[in-house]
Amino acid sequence: MIDRLMFKLTGIRQLMGKLVGLYVLQAFLVIGQSLFLSYFLVRLWRGHQVLAEWPWLAWFVGCYLARHALNWLASRWLDDYARQTVRQMRQSLLAKLFVLGPQVVQREGTGNMVTLALDGISQVEEYITLVFSKMINMMIAPILILIVTFYLDLTSGIVMVIVYPLIILFFIILGLAAQARADRQFETFQLLSNHFIDSLRGIDTLKYFGLSKPYSKSIYRSSENFRLSTMATLRIAMTSTFALDFFTTLSIAMMAVFLGFKLIDGEIGLFPALGILIMAPEYFLPLRNFANDYHATLNGKNSFQKIMAIINEPSPETSSAKLHSWSASDQLQIDQVAFQYGDDGAQLKPLSFTTRGYQKIGIIGMSGSGKTTLINLLSGFLPPRAGQFVVQDQAMSTMDESTWREQITYIPQSPYLFDDTLRNNIAFYTPDASDEQIQEAVKVVGLTDLVDELPEGLETMIGTGERALSGGQAQRIALARAFLDQSRKVMIFDEPTAHLDLETEISLKEAMLPLMKDHLVFFATHRLHWMRQMDYILVMDHGQLVEQGTYDELIANQGSFVKLVNQMKGGGTDA
């Protein structure tokens with residue numbers, strides 16, 4: 001029920017100490033309210049007036065109110081602790097994802113990671129709130145009630161001791177079945193999340209090839225599997241809850257019958273019998289509460305384990321090199337760098353090349369040739385399996401170095417647009433940029449027409465649920481961000497025009513090329529017309545660097561680049 005990693009959470013031991021004290025006091029109050037009520041009823045049974053016995057009733061009411069006040073205080077402590085803990089956990093998760101880079105997202109799936117960072121964190125908060133309150137109370141209240149029961153009647157105490165483990169054993173059997181179902185449900189939910197995100201990403205491609213409707217059946221099957229898995233889990237949960245409630249109620253009824261016979265036979269007095277009978281439901285109540293909330297914590301436990309596994313995952317080796325801002329005299333050497341996704345995944349075979357100063361390096365190849373992997377290695381998102389980088393005469397085992405990242409402008413296929421104004425999106429990396437600088441960036445990247453047609457100009461809200469922008473407009477916003485930050489001299493493009501039509505791409509190209517001046521540029525694409533503007537070209541094929549050189553050299557060699565040109569010319573591209 002409780003993952004051992006829970007005890008490593010910051011401040012958890014102090015919280016548990018306070019909760020133990022509260023629940024011990026609460027257990028005494030439960031016992032007190034039961035005994036005071038029993039004594040009050042016994043006195044009435046013996047013919048005493050209600051007004052004469054009001055102090056006992058007052059003690060009962062006081063214990064009752066104090067008990068629930070302590071319960072409120074314990075819930076308040078747990079809620080505050082859980083809220084603070086999951087806030088720190090979300091920050092740690094996002095920070096670790098940033099350190100681990102795209103590799104962990106590709107491994108776990110984008111949909112799964114988004115769900116984990118949003119719904120998963122909420123489930124962990126509920127898990128922390130429920131599990132500690134129920135577990136601690138279950139370990140304290142029954143023991144103290146049992147001690148008092150033994151004092152009042154030895155035989156009743158023995159009956160309680162025998163019944164309690166039998167109910168727990170039954171609960172364990174049903175709990176294991178529920179745990180297995182919940183695990184399968186969690187796995188199905190992860191698959192559904194990834195499937196849904198992948199479907200959204202590829203909807204344009206599916207529609208282009210006329211596969212959107214047939215593919216909807218796949219989405220239906222995934223959602224149906226999740227529905228069936230959820231219903232199976234709920235059936236187990238409701239069955240176990242009903243069974244546990246039935247057996248605990250039956251046990252209390254048996255205690256009542258047992259005590260009734262002892263009263264008739266004169267083997268026990270009315271006060272101890274009534275006290276034991278009133279305490280019997282309280283004896284089983286922590287177990288019933290635990291069982292009722294057990295199923296609500298299963299997803300939280302799975303999410304907690306997954307989140308902590310990512311947080312505790314070893315960070316990739318980072319470089320300690322201190323690099324200065326890239327200049328025209330600097331050199332970058334890639335020496336036998338290789339990478340592989342997992343033990344049996346796709347791999348990038350050892351490759352080497354050298355670049356100096358301000359150059360535009362084109363990385364060309366078909367889809368799956370290794371372009372993005374090379375880009376991720378150069379960006380520091382992935383650590384190589386072998387080889388090294390030599391930057392500004394400093395050997396580095398990985399490009400995951402803060403002074404390297406600080407001078408990189410990275411533009412992916414689909415730049416992220418924040419739910420904010422167009423102005424703030426453009427000036428995201430340079431929030432102190434003046435209006436004149438932003439207007440100049442808008443003009444340079446060709447966003448003037450967009451700004452003119454927006455109802456509030458630069459103050460128009462864009463992003464999810466706001467003003468929809470085309471892929472070309474999103475790329476221009478990313479370029480405007482790059483234009484405003486002139487301090488970054490290394491530009492890395494990962495298929496920035498892959499989802500654009502050729503007319504939009506050519507228009508965008510006119511805005512992009514001037515921004516590449518006096519920069520070291522790595523430009524990964526499968527569009528051949530970019531290669532004429534590149535100073536040096538790397539030709540990738542099936543994870544291998546098969547050819548490199550200038551455009552004229554590669555054409556003269558009549559090698560892999562020319563072969564690639566001939567393959568792509570059927571698509572209407574112009575080399």
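Me: Why are α14 and α15 called roughly parallel to each other?
Reply: This is a predicted model. In it, helix α14 (residues 471–484) and helix α15 (residues 502–515) pack at an angle of about 5°. Angles under 35 degrees count as roughly parallel. The pair is therefore roughly parallel. Their axes are 11 Å apart.

Me: What makes the contact of α14 with α15, by residue and by class?
Reply: From α14 come G472, Q475, R476, L479 and F483. They meet T504, S507, L508, A511, M512 and L515 in α15. By class, that contact has six nonpolar, four polar and one charged residues.

Me: Why does K262 count as buried?
Reply: Buried means under 20% relative accessible area. K262 has 8% relative accessibility, so K262 counts as buried. This lysine is found in helix α7 (residues 212–264). Leaving aside neighbours within four places in sequence, K262 is in contact with D153, T155, E267 and I268.

Me: How do you know that the buried residues of α17 are on the same side?
Reply: Helix α17 covers residues 560–568, and its F561, V562, L564, V565 and M568 are buried. They cover an arc of only 160° around the axis, which puts them on the same side of α17.

Me: What do the buried residues of α17 pack against, and what does the face turned away carry?
Reply: The buried residues pack against β3 (360–364), β11 (536–541), β12 (544–549) and α16 (551–557). The face turned away from the buried side carries K563, N566 and Q567, which are exposed. For that label, the relative accessible area has to be over 50%.

Me: What makes β2 and β5 the edge strands?
Reply: Look at the order of the open sheet: β2-β1-β4-β5, with antiparallel pairing. β2 (347–356) and β5 (394–396) each pair on one side only, as edge strands. From one strand to the next, the twist averages 20°.

Me: How do you know that β4 and β5 pair?
Reply: Two strands pair if there are at least two bridges between them. Three bridges join strand β4 (residues 386–391) to β5. That meets the cut-off. The two strands run antiparallel, and V390 stands opposite A395 in β5.

Me: Which helix lies across β1, β2 and β4, and at what angle to β1?
Reply: Helix α9 (residues 371–379) does, running at about 125° to β1 (331–340). Roughly perpendicular takes 65 to 115 degrees and roughly antiparallel takes over 145. An angle of about 125° therefore counts as oblique.

Terms used:
Residues numbered from 1 in each chain as written. Predicted model: local features only at pLDDT ≥ 70, side-chain atom pairs only at ≥ 80, totals over all residues. Heavy atoms only, no water. Axes fitted to C-alpha atoms, helices over the stretch in contact; angles between N-to-C directions. Helix = DSSP H or I, 4+ residues; strand = E, 2+ residues; numbered from the N terminus. Contact = heavy atoms within 4.5 Å. Nonpolar A, V, L, I, M, F, W, Y, C, P; charged D, E, K, R; others polar. Buried < 20%, exposed > 50% of the residue type's maximum accessible area, 1.4 Å probe, protein only. Arc of directions from axis to C-beta.
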